[in-house]
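Good morning, and thank you for joining.

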Amino acid sequence: MNPSAPASQAAREACGRWFLANRSVEAAPNDPAALVGRAASFLAMDRPWEATNDLDRALRMQTRLAGADVAAAGDEATANQRRRRHDGEAARTRLLRGHAHAACLRYDRAVADFAEAEAILSRLGGSTDRSQPTPAHAQAGLGVAYCNMRDWQRCVDAGERAVRGLPLDDVARRHVARAVETARQHLSLAAGGTVGGSRRSGGSAAPPQPPPPPPRGDAGHDGGAAPS
């Protein structure tokens with residue numbers, strides 16, 4: 001069996017998803033959902049720079065549409081319901097953009113998006129839908145971003161909150177747990193402690209890469225510039 005066959009198959013599938021997503025954006029260039037979908041496809045193709053461009057546009061359009069939609073509500077209850085729905089969409093978009101920024105090694109921007117997503121999701125309250133992100137997913141993104149920035153204490157603080165809030169089988173939990181362990185090792189060494197029963201010296205361990213975006217139920221259609 002050709003060992004490269006699974007990778008080639010995955011690449012073809014990613015290109016196929018991008019093609020469908022791009023058609024959605026071409027049909028509705030100002031549709032935030034289409035832009036978010038295409039951004040997700042770009043991330044799957046390891047093209048985070050294009051993803052951030054689409055997500056920037058999506059957030060601008062979401063803000064514009066949300067204001068008009070809430071203003072058109074006939075009563076306060078309807079306005080609040082619409083506001084919560086749009087806030088949830090903005091949080092998911094910011095969470096995805098945080099991962100895109102992290103993949104571009106722009107960790108300061110990633111931290112800003114993860115922190116804003118955490119604030120919004122915490123205000124909205126938890127969801128029992130496993131396909132939807134939670135504040136713990138944003139905290140996981142923060143933990144890994146801080147690890148890559150070598151801000152060890154903040155990594156531990158955010159990462160421990162994420163580990164407590166994520167299910168055991170969530171992939172983001174595994175990534176942030178590894179980041180927390182890396183941060184603890186560095187903090188121990190800085191305090192003159194030991195790692196694995198013996199003192200260590202020399203170069204630091206490479207921090208883990210950002211976790212993949214959390215499961216989403218609405219990011220299956222996206223688009224963008226044609227993949228090369």
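**Helices, loops and packing**

Aspartate 108 is placed in helix 5, residues 107–124. Helices here are DSSP runs of H or I of at least four residues, strands are runs of E of at least two, and both are numbered from the N terminus. The model is a predicted one, in which local features need pLDDT of at least 70 and side-chain atom pairs count only at pLDDT 80 or more, while totals for chains, interfaces and linings use all residues. Residues are numbered from 1 along each chain as its sequence is written, and side-chain values use heavy atoms, with hydrogens and water left out.

Is aspartate 108 buried or exposed? Its relative accessibility is 53%, so aspartate 108 counts as exposed. The terms are these: buried is under 20% relative accessible area, exposed is over 50%, and partly exposed is in between, with a 1.4 Å probe and protein chains only. Aspartate 108 lies 8.3 Å from methionine 149, C-alpha to C-alpha, although 41 residues separate the two in sequence.

Let me turn to the chain as a whole. Its secondary structure comprises 8 helices and 0 strands, and the order from the N terminus is α-α-α-α-α-α-α-α. The chain has 228 residues, of which 43% count as buried. Taking contacts between residues at least 6 apart in sequence, 68% join residues at least 24 apart; a contact means heavy atoms within 4.5 Å.

Next, helix 6. This helix covers residues 135–148, and its 14 residues reach 20 Å from the first C-alpha to the last, close to the 20 Å expected at 1.5 Å a residue. The expected span is 1.5 Å times one less than the number of residues.

After helix 6 comes arginine 150, with a positive phi near 60°. Most residues other than glycine have a negative phi. Arginine 150 belongs to the loop between helix 6 and helix 7 (152–165), and its 40% relative accessibility makes it partly exposed. Aspartate 46, likewise not a glycine, has a positive phi of about 60°. The loop that holds aspartate 46 runs between helix 2 and helix 3 (48–71), and this residue is exposed, with a relative accessible area of 68%.

That brings me to packing. How do helix 2 and helix 3 pack? Their angle is about 165° and their axes are 8 Å apart, so helix 2 is roughly antiparallel to helix 3. Axes are lines fitted to C-alpha atoms, for helices over the stretch in contact, and angles run from 0 to 180 degrees between N-to-C directions. Under 35 degrees is roughly parallel, over 145 roughly antiparallel, 65 to 115 roughly perpendicular, and the rest oblique. The contact includes Leu35 and Phe42 of helix 2, and Leu55 and Met61 of helix 3. By class, its residues are 12 nonpolar, 1 polar and 4 charged. Nonpolar covers Ala, Val, Leu, Ile, Met, Phe, Trp, Tyr, Cys and Pro; charged covers Asp, Glu, Lys and Arg; the others, Gly among them, are polar.

Finally, helix 2 (residues 32–44) also packs with helix 4 (residues 76–103), at about 25° and with axes 11 Å apart. The two are therefore roughly parallel. Val36, Ala40 and Leu43 of helix 2 meet Thr93, Leu96 and Ala100 of helix 4. That contact divides into 5 nonpolar residues, 1 polar and no charged.
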